[in-house]
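Hi everyone, thanks for coming. Let's take a few minutes to look at some charged pairs and at one helix together.

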Amino acid sequence: MTEEAQLLAAIAAEPDDESLRLVYADWLIACGDPRGELIVLDHLERTTPGGLVHPDQIASLLRLAAELGFPHLPDPDAALLAFEQVGRGDCYRTFHGGHAFMLHGGDGISLQRGDERPIYNPNFRLSGRWSDPATNVILTIALGAIRDAVPFERVVFPRPDELQHHPAYRFGPFPMCFSGELVDSFESDYLLRARDHARWYALYNRLLAT
C-alpha cells in the first residue's frame, strides 16, 4: 500500500478526525500537490466561525475547488472519478481492462467498447436529459457492469419512480457545469462538479459581499 493510500485509509477509518485530513494535507503540500492547500483552506472554511473572511483566502479556495472539486474525504464517489464527461450532454467515457468505454444517453442508453458497435439497453426507461442525482445512479450502475463484465443489454436500471430510492441517488461529481463567473472572475473555464455547485456559488457570493 502506498503512503497516500495509507493516509486515505486512515481518514476512511476515522472520518470525523480532522487532524488526519491535515496530516494528509501536509503530505500533499510536501509533494507539491495543490490538493494540500485546498484541504487546508476547506478545513479553515468549515471550522472557522462564519467561515473564511480574507478575500484572498476565499478566492484561492474558489479557484482550487473549481479546478479540483471541494475535498470529499472519504470520497463516496471516488470510483466515478474514473469517468470523464464528453461534451455538455449525457455522454461519459472511462477506461478499463485496456479498453475505452463510451456511455451515451439521450434517446435511451448505450455502451460502446472501443470501435465495437454500441450495445443498447432495453431496460432503460428514462427519457430526456438525466437529472444530476439520476446521473450518479446511472454511472454507478454502468461502472459496476463494466468492471464485472456484465453484458450491457442485461443491466437492470431503476424505473423513473424507483430512482430516488437508489443509494446513489444524490449529487455526485457529474455532470460538470460551465460557469460564466469562473471565466469572468478567475479567467478560467473550469467546469463545476454537480455536487460542489451550490457550495461554490454560496462562497462566491460571499466573496462578492466582502
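**Salt bridges and a helix**

Let's begin with E84 and R93, whose side chains meet in a salt bridge at 2.8 Å, N to O; by that term I mean a side-chain nitrogen of Lys or Arg within 4 Å of a carboxyl oxygen of Asp or Glu. E84 is partly exposed at 32% relative accessibility, and R93 is partly exposed at 29%. For these labels, buried is under 20% relative accessible area, exposed is over 50%, and partly exposed is in between, with a 1.4 Å probe and protein chains only.

A word on the source: this is a predicted model, where local features need pLDDT of at least 70 and side-chain atom pairs count only at pLDDT 80 or more, while totals for chains, interfaces and linings use all residues. Residues are numbered from 1 along each chain as its sequence is written, and side-chain values use heavy atoms, leaving out hydrogens and water.

How many salt bridges does the rule give? The count comes to 14. Another one pairs R159 with D161, closest N and O atoms 3.2 Å apart. Salt bridges with shared partners also join E18, D42, R46 and R199 into one network.

D42 is buried at 3%, whereas R46 is partly exposed at 39%.

Finally, the buried residues of α3 pack against α2, α4 and α7, contact meaning heavy atoms within 4.5 Å.

Conventions
Helices (H or I, at least four residues) and strands (E, at least two) are DSSP runs, numbered from the N terminus.
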